[in-house]
Amino acid sequence: ALARTPAEPCCKLMFVGGRSGQREKLGHMLLACDEDGSALRGMRIREDLRGRGLSKLLLAVWLRLCLEAGLTPRTRTINKPLLSLSLAAFGFAPTNQRGMLVRVSAAKRARDCVRSTSAHAPGRTAYIRTAFEAPDAATLRAAVDRQLRHGNLELGVPPAALRRALTLRGGRGACTPKRRGRRRPLP
């Protein structure tokens, strides 16, 4: 899906899943589209699915798409501490020293979280108000494979189609897999 952002061209990478044939929206990522890269601007996970490690799985899928398409993954400014922690798990590092280091609560719900800049507050630390850059390709691929259980993700489109879709240089349907067999004529 295209995102209507006047500042830069973006696409929304939607994740759907479900049981018993029902397709439910799990979450999405907003990606800035560069010619040679894909830049994460933000991520949203459905409220009732938070706290289950889904953000790392969805990040791993996006990163695998970037690796297969030959694109450099990066981020724009990230202001969400938990997203910052998930990026760090893949080896991403802040791009500048102007970011703010904060402590992150272990609470599962946003309303239970307390963000503090105190070094004595309990919890993990994360950078916010900064962009992140990816590690080298080998390190990134290893981290993605660990998250995806040794790379068990089968892509239904060729790398060139992924590249066109993630950079908005292929038009609508650039990532739609080809149908096999003959199409039936409409009645």
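Here are some friendly notes on this predicted model, from the overall fold down to a single residue.

1. **Overall layout.** The protein has four helices and nine strands. If you walk along the sequence, these elements come in the order β-β-β-β-α-β-α-β-β-β-β-α-α. Of the contacts with a separation of 6 or more, 58% are between residues 24 or more positions apart.

2. **Surface and interior.** There are 187 residues in the protein, and buried ones make up 37% of them.

3. **The main core.** The largest nonpolar core holds 36 residues. Within this core, Met-29, Leu-59, Trp-62 and Phe-90 have the most contacts. At least two core residues come from each of strands S2 (10-17), S3 (24-33) and S4 (37-45), and likewise from each of helices H1 (54-69), H2 (81-89), H3 (137-147) and H4 (159-166). H1 is the element that gives the most, with eleven residues. As background, nonpolar side chains in soluble globular proteins tend to be buried together.

4. **Met-29, worth a click in your viewer.** Setting aside its neighbours within four places in sequence, Met-29 is in contact with Cys-11, Lys-12, Leu-13 and Phe-15, as well as with Leu-40, Gly-42 and Met-43.

5. **Leu-58, seen from the helix side.** Leu-58 sits in helix H1. Is this residue buried or exposed? Leu-58 counts as buried because its relative accessibility is 4%, which falls under the 20% cut-off. Not counting residues up to four places away in sequence, Leu-58 touches Phe-15, Met-29, Met-43 and Ile-45. Gly-27 is 31 residues away from Leu-58 along the chain, and the C-alpha atoms of the two are separated by 8.6 Å.

6. **How H1 meets H4.** The axes of these helices come within 8 Å and cross at roughly 115 degrees, and H1 passes H4 in a left-handed crossing. Which residues in H1 and H4 meet here? On the H1 side they are Leu-65, Cys-66, Glu-68 and Ala-69, and on the H4 side Pro-159, Leu-162, Arg-163 and Leu-166. Sorted by class, the contact of H1 with H4 has six nonpolar residues, two charged residues and no polar ones.

Methods:
Residues numbered from 1 in each chain as written. Predicted model: local features only at pLDDT ≥ 70, side-chain atom pairs only at ≥ 80, totals over all residues. Heavy atoms only, no water. Core = buried A, V, L, I, M, F, W, Y, C linked by side-chain atoms within 4.5 Å. Buried < 20%, exposed > 50% of the residue type's maximum accessible area, 1.4 Å probe, protein only. Contact = heavy atoms within 4.5 Å. Axes fitted to C-alpha atoms, helices over the stretch in contact; angles between N-to-C directions. Left-handed = near helix turned anticlockwise from the far one by under 90°. Nonpolar A, V, L, I, M, F, W, Y, C, P; charged D, E, K, R; others polar.
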